[in-house]
Amino acid sequence: MSQKLLLDYGSGGKASQRLISGMFLKYLGNDRLNRLDDAAFLELSGPISMSTDTFTVDPLFFPGGDIGSLAVHGTVNDVAMLGARPRFITCGLILEEGLDMDVLERIIASVGRAARNAGVEVVTGDTKVVPRGAADKIFINTTGVGEIFVTPGPSGHSAKPGDAILISGTMGDHGLTILSKREGLSFDAPVESDSAALNHLIVRLLQEIPEIHVLRDPTRGGLATTLSEIALQSNVECFIREKDIPVREAVAGGCSFLGLDPLYLANEGKFICILPEKFADKALEIMRSDVLATNAQQIGEVRKDHPGKVVLETPIGGHRLLDMLEGAQLPRIC
Amino acid sequence: MSQKLLLDYGSGGKASQRLISGMFLKYLGNDRLNRLDDAAFLELSGPISMSTDTFTVDPLFFPGGDIGSLAVHGTVNDVAMLGARPRFITCGLILEEGLDMDVLERIIASVGRAARNAGVEVVTGDTKVVPRGAADKIFINTTGVGEIFVTPGPSGHSAKPGDAILISGTMGDHGLTILSKREGLSFDAPVESDSAALNHLIVRLLQEIPEIHVLRDPTRGGLATTLSEIALQSNVECFIREKDIPVREAVAGGCSFLGLDPLYLANEGKFICILPEKFADKALEIMRSDVLATNAQQIGEVRKDHPGKVVLETPIGGHRLLDMLEGAQLPRIC
Amino acid sequence: MCLAVPMEIKSISNNVAQVEVGGVANEVRLELIDEEPKVGDFVIVHAGFALRRLDREEGLETIKLFEEGLNLELT
Amino acid sequence: MCLAVPMEIKSISNNVAQVEVGGVANEVRLELIDEEPKVGDFVIVHAGFALRRLDREEGLETIKLFEEGLNLELT
Amino acid sequence: MNSLEQKLKDPKLCRSIVGRINEELDGELRFMEVCGTHTVSIFQSGVRSLLPDGIIHLSGPGCPVCVTHEREVAAFLDLAERKDVIVATFGDLMRVPGPNKRNLKAAQAEGARIKVVYSPFDAVNLAKEHPGDKVVFLGVGFETTAPTIAATIKIAQEAGVNNFLVLSFHKLVPPVMKVLVEDPELAVNAFMLPGHVCMVSGLEPYRFLADKHGIPAVVTGFEPVDILRSILTFIRMRNKGEAAVTNGYVRAVADGGNPKAQAIMNEVFEPCDALFRGMGSIPAAGLGIREAYGDFDAIRALGLTLPDVPPLAGCKCGDVLRGKIRPDECPLFKKVCTPANPVGPCMVSTEGSCAAYYKYQI
Amino acid sequence: MNSLEQKLKDPKLCRSIVGRINEELDGELRFMEVCGTHTVSIFQSGVRSLLPDGIIHLSGPGCPVCVTHEREVAAFLDLAERKDVIVATFGDLMRVPGPNKRNLKAAQAEGARIKVVYSPFDAVNLAKEHPGDKVVFLGVGFETTAPTIAATIKIAQEAGVNNFLVLSFHKLVPPVMKVLVEDPELAVNAFMLPGHVCMVSGLEPYRFLADKHGIPAVVTGFEPVDILRSILTFIRMRNKGEAAVTNGYVRAVADGGNPKAQAIMNEVFEPCDALFRGMGSIPAAGLGIREAYGDFDAIRALGLTLPDVPPLAGCKCGDVLRGKIRPDECPLFKKVCTPANPVGPCMVSTEGSCAAYYKYQI
Ligand code: SF4
Ligand code: SF4
Ligand SMILES: [Mg+2]
Ligand SMILES: [Mg+2]
Ligand SMILES: [Mg+2]
Ligand SMILES: [Mg+2]
Ligand SMILES: [Mg+2]
Ligand SMILES: [Mg+2]
Ligand SMILES: [Mg+2]
Ligand SMILES: [Mg+2]
Ligand SMILES: [Mg+2]
Ligand SMILES: [Mg+2]
């Protein structure tokens, strides 16, 4: 039987110290983290992009990733979307007493691997252990900082009528993968989470394209929700064509019998790029040259007719709103 | 009956948006946060101090504070301890479905108040709602950044033999307050949490004292654990005198019948300051002139005899180790 | 009123069929279907039960005829 | 072997006393104490029960005598 | 995608049919679908935005969630309060408002044990996992769904699972359509019949629409071509002065329906009066559990009664469902009544016509 | 702080006594305390570091946690596994290792329902809150603690709480001291008697130490002055060639103890043989629940037996508790055996002598 985590590991005492040196420094160690001061000392020159996210994904391990890699990718991507090079992240853990130490170790190793691949360092962290039943196994907060190297940087407020709307690949892969592994709803779907660090591609795009208005990753709430946010922030219409939105057959198939819409499913390795139409082809070329965005597409354009709205042209040529949902989608039978 | 939080509020959809604008922007709003981009744009010039902490305190409200103010103070203090002016914090929430919306609102208002008092802005955040039973009401992660204005800044690695060891006030107030309100152990103690933002006092100290080797807040694990860490990091002996350590009568009283030691109880508004003996009086004078440190004391000095150890001189003149505990203290009867 | 989707039968055992749509595999129960289903059939699935066989040839034929009729009348 | 601390009785009702040490208030049960306790008494508390009255005068007196004895012998 | 599926969504074919509709339409045609899946499909596919102004699309009482009565929802909520009960339900019911706008999601957030299942069969497994509790499945749905629940009850009986119960509030489509067409204010020229309901029940129960009331009706599939073709059929029947009930979904629907599913449904259930939201009690429009299966009947086993509740003030769902007004003619629509704060169930169900108007209508 | 409390810790007075000890000590004096609270107090107050080398301080079997037998811990763990049981315990027992180093903390982490209470009375309230479960209090302790548990059983009986049970592994001090002094290898010159145990039992049960074995013994309080004064008394008795059992804790201890507490303890409990860790079974050294209170006896009510377990390999606790070796003379001390990874209970209990050596000794 594998060893189980005890409350003692979060006490700040010797057990905490062992967890830090035996696991965290082993997988995440670097000169900054190793100092174990109250805070990390960072050589960074501003302006700075800073983002935080907490990860509570269930199950912890899924095809294409786990909560550890996801926690790195999510924050790295958010930091990058502001036109920044992500440099440093923090890692705050909430652990449920009784958690399998092997599970924890696999996850911490995954955080380390994902951080190395993304080119960021975990520079400080925090661990709380809560009594059994007070949390669900493990929650991870990551907060990242990076140096902004384009000004004005991309922002959800900067979409302009006439801009092209691009997405970097298929929609809904992460969301459907997670659903397919949920307890009580498990079905086999030949699909993996798209969880990935987009920062290297983002940096390249920003370096080679003179003007990018919006970069955003369509995570929770999916493409529909994220475009709605942009439409509201920029007070424009986002007009998109359903036929141009790539959706994997398995994602469409899974959605069909659960009564879900892939455009509302989360993505964790995709981004929306809104930029002047004249740069669209160049941007698509750069995107498609990267394995993370081989299915990049222009899916529509920014208009001014229905400010704050997303309008979808259906495959048969009809038009309808793509509204933000009230809450999460539930599997349904009618 | 007050309204209860639903999973929908964490979906990224309209319910999430309402929570953000109706509550988070209302109490925490500022120009940076209000943009609601993936990340916050910060004008900061390095070097930078960055710290993260997650708060899972139970109960949520306690004499002297609540989880919201504590989350601000904890991170602001850690950022400051590196010789920095805390500027910006992030706020990551994990909320249990069914949480009373009034409770949430009180806590967010408290975060806002504490941030304003500490002079920091909440610049970005994240909210996850987990199913009932998957978390205990509310957990808060805060991550802070600030500009380091002294180099070399204080560090746990910099204690030197001959240095004076100062603490800014009474030990164990926060820990005993929380214990006294724990379900199943409740007793009335005339004591409040010392939770407070120390950054203004820290900045003043650093500006007026030419050389400070170590600053650290003795939180989880208390004075004993934090001094042990410093002794290990700096490879020195921390020698302290029990009679000089201020402990409130109520804290000593509560500890007596629970079989606990106040030197291992958490503090949330105190700091340890280690500096050359010649600056000790000046530092104490500055500290005592601030309401947060009126009971500041020199409690000992750094020696080289037992490197990595904390040695305590007892009131009767005996000597013993003050060891780091294995895990958390449990109330005991023998 | 009743979300029901066609899925292809990949195998059958004990009144339960393994079905697929877009490569996504699921199980459906066969208590309610009126024709003996066989591997390769498409069945219409509702709430975890196969309710009927989908006659895809019939469907194609109908559409083809309809389309021809439309064009005939249009030209 | 048995952590037991003196606490002062602030009030009594129904075999339960409100006691204090350093201003910290708690409740103790009185089923086991052999002398009828009264408000102002100090009792030795173990595991939520008062076990005996602490005779503080006796304690002071003993120490005083002992101390005098020590000094006497020393000088 | 193979060619049948492609054909059924083929933009060129759709445009041809729309062209025909425009050409052949004479005056105004008010058609009603009585199936929520049609409601969603018509909006979501964009069919609706392609139809000429003369085609008036009305959504009838065909979403089982929308027609669930507030007294029935109150019963669900009472059930969820019970400490010895785990409620199993399709996701569709989670947000339907009962008295004081309380719903199952809120009850769940406050600690009630409510589990969303994809199939009623999953609820039997849940019952096996919780032998000390009663698992009550909320039986809501029309003729498509009722057989799946009947079959599940039979499976539970064979497996000897005795802590699985069904609260049956199933409803039947023909009786409520009878109420619609007998309304002297009816202003519907044609009915689009629910394809998947007819897959079970066949066409016979709907013949009265044409035979007795002279209203054409077509059993319709859910793809754009299915829907547009039925609309064209309505126009052509009217142009020829004909009225018939025809099958436009032959690939899935036999005229006689699915006799096996009918038999299982009739073995377990028997007709009873039913409450429809906004329409009140309709004779023989519901399905109760027969005495032979009384051990699985939550009403009998737990002694449930329907609590009296005040009707939802101001909600015009009844008029919407009868085709008397469009959702945007309800004075509360989009002002007081939104998906975030739904007054009536037509706004809360994913298939509700008010919700569809709100969500899809530009 | 008032003057009694100040006096008892007064540094000047302490220094005077230490001065006297140094002056009057002739040769080596080996004294043993048999109370964990003395162990901690002697180390924590710094008394130990002030004593001259000639004073050898030994810690006997006086921590109820340390003497809890591994078979008893195994029984606790078995109990914690039961789905219908909530275990209530003093915090002290949580980390005590049983077979395979498993302890109650680990069981709790894996889902066992274990609640730390401050008073046994709290466990009765817990039982009232969980009427469907059995709340079993782990009864561990000496004469100080046993009366509180006896009183709690009587309170539970009067209140009619019938789901409160006690697993009584209480132990008595005099029988184990008898075993110590009858050991031909005994090398102890004086005993510091446990102040709070004597508060209940009085001095009588200890007279045999002086009368029969000629070893001086002083009932001692827990403040530095109390402890130093007893050590001086040992020296003086020896210097005069006297051996007596005297009361150095008159402010709390009557020579006859607390008759009321004794009566309640004897009403509920009766002597039985007891297992002591490292020492084995000792006749009449334990307290079992009398038949009249059998309804509250977890052993009777749940049919518990003590599982056989292999002894802890290499642990010298038995020798430490007998005063034969000091903790740092155990070959495992600080090398294999640490508070993080304790081999024996003397290392795990806050009051254990190995733990005290590890934690406090510079
Ligand atoms: S808009 Fe709302 S209130 Fe009006 S009919 Fe629809 S659901 Fe009822
Ligand atoms: S040091 Fe460890 S192994 Fe040795 S006697 Fe003490 S508890 Fe046992
Ligand atoms: Mg700190
Ligand atoms: Mg973010
Ligand atoms: Mg994000
Ligand atoms: Mg921390
Ligand atoms: Mg859990
Ligand atoms: Mg994002
Ligand atoms: Mg920190
Ligand atoms: Mg901290
Ligand atoms: Mg976020
Ligand atoms: Mg909870």
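**Exercise 1.** Into which domains is chain A divided? Work out how they meet.

*Solution.* Quick ground rules: this is a predicted model, where local features need pLDDT of at least 70, side-chain atom pairs count only at pLDDT 80 or more, and totals for chains, interfaces and linings use all residues. Residues are numbered from 1 along each chain as its sequence is written, chains are lettered from A and ligands numbered from 1 in the order in which they are written, and side-chain values use heavy atoms, with hydrogens and water left out.

Step 1: chain A splits into domain 1 (4-148) and domain 2 (163-322); such bounds come from an automatic or database domain assignment.

Step 2: the C-alpha centres of these two domains of chain A are 28 Å apart.

Step 3: count contacts (heavy atoms within 4.5 Å). You get 22 residues of domain 1 of chain A touching 23 residues of domain 2 of chain A.

Step 4: now the buried area, i.e. the accessible area (1.4 Å probe) that two parts lose on being put together, summed over both. For this pair in chain A it's about 1800 Å², with 60% on carbon and sulfur atoms. On the domain 1 side, A:Pro63, A:Asn77 and A:Met81 lose the most area to domain 2, together 32% of what that side buries.

**Exercise 2.** Which protein donors does the magnesium ion (ligand 10) have? Trace where they sit in the chain.

*Solution.* Step 1: donors are N, O and S atoms within 2.8 Å of the metal (3.2 Å for Na, K and Ca); water is not among the atoms, so sites may look incomplete. Here they are B:Asp53 (OD) and B:Asp78 (OD), 2.2 to 2.4 Å from the ion.

Step 1: B:Asp53 belongs to strand β2 (residues 48-55) of chain B and B:Asp78 to helix α3 (residues 67-80) of chain B, so the pair links parts 25 residues apart in sequence. Helices (H or I, at least four residues) and strands (E, at least two) are DSSP runs, numbered from the N terminus.

Step 2: B:Asp78 also coordinates the magnesium ion (ligand 3), which is 3.5 Å from the magnesium ion (ligand 10).

**Exercise 3.** Is E:Ala285 buried or exposed? Describe its surroundings.

*Solution.* Step 1: E:Ala285 sits in strand β12 (residues 280-289) of chain E.

Step 1: its relative accessibility is 0%, so E:Ala285 counts as buried.

Step 2: leaving out residues up to four places away in sequence, E:Ala285 touches several residues, including E:His170, E:Pro175 and E:Cys272.

Definitions and conventions: Buried means under 20% relative accessible area, exposed over 50%, partly exposed in between (1.4 Å probe, protein chains only).
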